[in-house]
Amino acid sequence: MAGLEYAIVHTKYTIPVALLITILLQPFKTSVDNYKITCLLIIAVTSTIPWDSYLLKNDVWDYPEDAVIGTTFWKIPVEELFFFVIQTYITSLVCILVSKSIIPTAFLPTLPVTPPSPSIEEANLRLQKKKYLVQNDYKRLRRIGLFGAIFIASLVAIGAKLVHSGGQGTYMGLILVWACPVIFFLWGLSHQYILSVPYKNVLIPILLPTSYLWFVDTLALKNGTWVINPDKSFGIKLWKYLDIEEAVFFLITNILITFGQLAFDHTLAVINGFPEIFNFAIPSWPPFSVMVRGLSMAVRNYTPRRISNLRDAIMKLQNKSRSFSLASSVFEGRLRIDLVLLYAFCRNADDLIDEAETREEAQKALAKLSEAISNTFSYRRSEKASFKIENNLKSSISMLYNLPEEMASSLEMLPLEVLPVKPIQGLLEGFGMDLRFPSTDKTEKKQVPDGEFPIRTESDLKRYGYCVAGTVAELLLHLVFHHYPSKGITKKERAEIIQAGVNMGIALQYINISRDIAKDALMGRCYIPSDWLAEYNLTPAMVVEKADRHGVRLLRRRLLRSAIEIYHQNRSAIEKLPTHGGARKGVRGAVENYVEIGRVLLERDGDMPIWNDETVSKSRRLWVFVKALCA
Ligand SMILES: CC(C)=CCC/C(C)=C/CC/C(C)=C/CC/C(C)=C/[C@@H]1[C@@H](COP(=O)(O)OP(=O)(O)O)[C@]1(C)CC/C=C(\C)CC/C=C(\C)CCC=C(C)C
């Protein structure tokens with residue numbers, strides 16, 4: 001007599017959890033995630049069917065007739081088949097969710113390079129990078145890898161022995177001989193990557209679903225939904241009702257799924273991370289042959305400098321910008337890597353000027369950077385096909401132009417072959433404008449008189465906005481179109497979208513200026529146009545002296561209103577961006593996150609001084625971001 005008990009286990013326990021995680025992941029899900037889930041589902045179902053069918057035929061476990069609907073496939077009840085699917089799906093989603101915060105390429109292992117004895121700054125920097133260095137100790141990885149392989153191989157041997165002896169060890173033996181060879185294979189291919197990613201990325205997808213499924217299994221065993229044959233199992237219980245074999249089964253299958261997901265991430269990390277080797281566009285669903293090539297590429301062929309420069313760029317992004325760091329998790333593959341590298345370049349260039357001790361030093365640094373950019377740019381254009389990041393410890397750009405190593409590396413990493421040079425020069429022009437403010441350093445001989453603050457009119461402000469932010473948007477959108485050249489968009493439409501992006505960049509810069517009025521004043525800068533200030537009988541020097549004034553607040557409101565207006569005029573262009581690679585969602589999320597700062601400032605109105613990026617609370621930032629992704 002057929003029954004619904006097993007089906008009820010799914011409706012009560014597995015389906016709701018799967019739905020919940022699907023909803024949680026939905027805003028962040030990319031098409032590469034669908035690829036990984038689909039592949040694993042196919043592998044899991046096809047490999048489990050013969051095994052499960054064998055166990056059922058040999059009476060290792062059974063289902064009372066009144067607990068299942070009665071429809072079977074190879075003797076397996078459909079509810080059981082559904083279990084393979086839903087468990088693989090749930091564990092894969094958890095794995096994908098926890099992996100969102102990392103860029104897999106940054107966790108590829110690298111062969112040890114013997115560095116010269118470090119200077120104090122280098123030693124400090126290395127201390128900061130400890131997270132990666134410790135996890136990336138190559139010899140240690142190999143040792144653990146070997147130990148792990150011996151351990152897994154021993155489990156296979158124990159399993160074989162148990163199966164051969166039959167009797168109570170049968171069920172445990174069949175689990176071990178079926179799952180451990182696959183785990184051995186995945187471990188062999190990807191143990192260095194598995195050991196290099198943060199532990200939580202491996203442990204959470206294994207332990208969280210396992211403990212939940214232990215709980216569900218305990219209930220099912222208690223209710224007799226399925227029954228384990230006492231003649232083919234040890235009779236040892238982890239706790240009341242939960243047989244040790246069942247506990248091992250769920251643990252081991254979740255290890256399988258998690259290792260499978262991580263092996264996918266590993267190969268994607270390689271094929272996305274080394275464009276000089278995989279020198280073709282990588283589709284969201286890369287062909288199997290490319291995946292195998294990535295997985296089998298030896299660590300000695302990786303480019304350590306590329307990996308370590310990428311790690312530096314990620315650290316910069318995480319330490320300096322919460323909004324762009326969050327937005328980065330939505331972009332996929334090479335676009336994500338290139339955006340992080342672009343961020344690091346812009347940030348390093350900005351810091352190079354802002355952190356110079358004197359104006360002369362800043363001017364010199366700007367000139368050196370400008371020269372390095374134009375020379376690197378022409379060199380790359382001429383050597384386009386053969387460009388390769390060298391493995392030297394020091395960047396050649398740093399040696400040639402005497403630029404700080406971090407700055408030089410981020411320039412070296414920038415995909416200049418696909419970027420226009422004009423916006424990069426525009427960015428430098430913007431930084432140059434920052435150097436035209438009167439100095440706050442009393443020892444400096446040449447003081448610029450009040451009238452010579454560089455932002456005199458609204459059009460100066462707009463030019464400045466274009467230089468430091470419009471250009472960033474232009475570069476960002478060039479990267480989007482380079483990686484996802486939508487065939488449906490004409491050249492004219494593309495130019496219009498880029499123009500809208502430039503305007504949006506200007507709007508974001510207005511918000512940035514409004515937020516930082518007090519902070520900028522401390523540096524002797526005032527970006528509110530002098531002729532706006534004059535309407536309130538104020539001068540830029542008065543703002544620098546004391547930013548918190550009634551007139552300044554009113555002008556800040558005017559600037560924010562103007563930013564929001566530009567935002568409204570241009571935001572529809574975002575919906576014309578390619579959806580691939582998370583481009584549209586990511587740009588929408590990044591823009592909304594930043595515009596929220598403007599909205600909060602308008603809400604708070606009177607608040608001054610406005611100090612730092614604590615303007616929007618973490619929870620509000622996340623909420624706005626998720627809403628933007630779901631729009
Ligand atoms: C996802 C990801 C990693 C994106 C990277 C975006 C990127 C390359 C940003 C570089 C930012 C930067 C350091 C620029 C140097 C000059 C500067 C300081 C500009 C201001 C940025 C904010 O910097 P800040 O560090 O102060 O920010 P925090 O609040 O501390 O986080 C700017 C305000 C400029 C930012 C402008 C953009 C990123 C361009 C925005 C335009 C688009 C996203 C395109 C919109 C597209 C359409 C079609 C409308």
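In this predicted model, 13 residues of domain 1 are in contact with 10 residues of domain 2. On the side of domain 1 that touches domain 2, helix α9 (residues 244-273) gives the most, with 3 residues, and the residues of that side divide into 6 nonpolar, 5 polar and 2 charged. The C-alpha centres of these two domains, domain 1 and domain 2, lie 40 Å apart. The chain as a whole is divided into domain 1 (5-102 + 197-300), domain 2 (303-418) and domain 3 (431-631), so that domain 1 is written as two stretches of residues, according to an automatic or database domain assignment.

Which domains each give at least three residues to the shell around the ligand? Domain 2 (303-418) and domain 3 (431-631) each do so. Of the 38 residues around the ligand, Ser321, Cys346, Ala469, Ala473 and Gly501 come nearest. The elements that give two or more residues to this shell are α11 (304-320), α12 (322-328), α13 (333-354), α18, α19 (491-515) and α24 (583-604), and the largest share, 8 residues, comes from α19. By residue type, the shell around the ligand divides into 25 nonpolar, 9 polar and 4 charged.

| Helix pair | Crossing angle | Axes | Handedness |
|---|---|---|---|
| α17 (residues 421-434) and α18 (residues 458-483) | roughly 150° | within 8 Å | left-handed |
| α19 and α23 (residues 550-570) | about 155° | 8 Å apart | left-handed |

Because angles over 145 degrees count as roughly antiparallel, the crossing at roughly 150° means that α17 and α18 are roughly antiparallel to each other. Their contact is made by Pro423, Gly426, Leu427, Glu429, Gly430 and Met433 of α17, together with Tyr464, Tyr466, Cys467, Val468, Thr471, Val472, Glu474 and Leu475 of α18. These residues divide into 9 nonpolar, 3 polar and 2 charged.

In the second pair, α19 and α23 pack at an angle of about 155°, which makes α19 roughly antiparallel to α23. Among the residues of α19 that meet α23 are Ala500, Asn503, Met504 and Tyr510, while those in α23 include Arg556, Leu559, Ala563 and Tyr567. The residues of the contact of α19 with α23 divide into 12 nonpolar, 5 polar and 1 charged.

How values were computed: Residues numbered from 1 in each chain as written. Predicted model: local features only at pLDDT ≥ 70, side-chain atom pairs only at ≥ 80, totals over all residues. Axes fitted to C-alpha atoms, helices over the stretch in contact; angles between N-to-C directions. Helix = DSSP H or I, 4+ residues; strand = E, 2+ residues; numbered from the N terminus. Parallel < 35°, antiparallel > 145°, perpendicular 65-115°, else oblique. Left-handed = near helix turned anticlockwise from the far one by under 90°. Contact = placed C-beta atoms within 7 Å. Nonpolar A, V, L, I, M, F, W, Y, C, P; charged D, E, K, R; others polar. Near = placed C-beta within 6 Å.
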